[in-house]
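Here is a short report on one protein model. It starts with a term, then turns to the charged pairs and the overall fold.

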Amino acid sequence: MMRVTGAVAMSAVLALGAGACGGGDDDKSGGDGITIGFMGDLTGENSGLVIPPYQGAQLAVEQYNATNPKTKVTLKKYDSQGKPEQATTLAQGAIKNDKITAMIGPAFSGESQSVAPILEEAKIPSVTPSATNITLAEKGWKFWHRAVADDAVQGNGAGGFIADQIKAKKVFTAHDNQDYGKGLAESIANVVKPKGAQVEADGVDEKATDYSSTVNKIKQFNPEIVYFGGYYSVAGKLFKQLREAGYTGKMMSGDGSLAAGLVESTGQKNAQGALLSCGCVIDAAGKVSPKSKKFADEYKAKFGSDVAIYSSEGYDAATALLEAIKAGKTSSGDINDFLKTVSFEGVGKQIKFDDKGELASQDIYVYEVKDNTIPLLGKSNEAKPTS
């Protein structure tokens, strides 16, 4: 995917699953070494959002170990399938049995709410590449960080795009009633209302298959755009039913839907022109920076697929931890202290954390479905939809 920079084919993203979800761990090391965990949905229905950052982290660790460092790193994966209760059990085992020194993830906001207190109590630093719920940074956690902008930032960017670029006067926000989706939808509403837009909202059951009640509300309201907060497995069903019911306005969702699975579940014809917002940089052609191009080339050489959602954030999250280890910080406490001052140009954006663990970078990007690809239109304050 790219700023008319190139695009990730649906088949390429789907192919990621085959190479990343098998058993075993990466870069096992003997002698002096430490273990870093990666936690997220690697085999569940939203794994298309998590396999790319896992692969990004895997590439970073492999490149680090190839330099023959004094301290080798093992990357151990924990497949939570995005379920908070499963993630909690895995986190306890990772700390007690596997003696992890740090964690990349959890990938989703709901599981992060459950796992972060466990990591906090054990004083294990974590960097999530993709959990964006606003409240995660409001818990007072000292060992938690994220390498992506939160939903307030995404809401500001996407809401500004809806109000200023699309100039929508009627906006319908839908969500899946989960921490991430509901928070993002509310954030969008809070931005567009002061800009003069009329807003109506509704929640859907993520486990349901028939969204006719919400579809009817949308058709009756007749908005210029529908924004869905949640993951592509639900967004695809809603968008498909909207189009089949005759809705012709714009459809948009957030980073949780920025995956080939959205096109697949919506249907390629129905998905055309669907818009996606994200704090992530997906830049196969290197329009953002030379580093993003170098990373994209190395990623494709390793995995046979173009970079996808959160590939760069997974790489940068791992790199933040690896920079600490390079500096001789090999205990959990020392790594956490190092993260307070780390600052470097990542392959996607500048990596620097504030005292709450939030990423300093505030840029939000907009993507648009074209055929079976989702190319980057540009930054939210500059992007113009093509359809």
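## Salt bridges

A salt bridge is a side-chain nitrogen of Lys or Arg within 4 Å of a carboxyl oxygen of Asp or Glu. This is a predicted model: local features need pLDDT of at least 70, side-chain atom pairs count only at pLDDT 80 or more, and totals for chains, interfaces and linings use all residues. Residues are numbered from 1 along each chain as its sequence is written, and side-chain values use heavy atoms, leaving out hydrogens and water.

The structure holds 14 salt bridges. One of them joins D363 and K379, at 3.4 Å from N to O. D363 sits in the loop between β12 (350–352) and β13 (365–368), and K379 sits in strand β14 (residues 376–379). They are 16 residues apart. Helices (H or I, at least four residues) and strands (E, at least two) are DSSP runs, numbered from the N terminus.

## Two more pairs

K302 and E62 form a salt bridge, with the closest N and O atoms 3.0 Å apart. K302 lies in helix α11 and E62 in helix α2, so the pair ties together parts 240 residues apart in sequence.

K326 and E323 also form a salt bridge, at 3.3 Å from N to O. They are three residues apart in helix α12, separated by about one helical turn.

## The whole protein

The protein has 13 helices and 14 strands. Its C-alpha trace spans about 65 × 40 × 35 Å along the principal axes. Of its 387 residues, 61% count as buried (under 20% relative accessible area, with a 1.4 Å probe and protein chains only).

Methods: Buried < 20%, exposed > 50% of the residue type's maximum accessible area, 1.4 Å probe, protein only.
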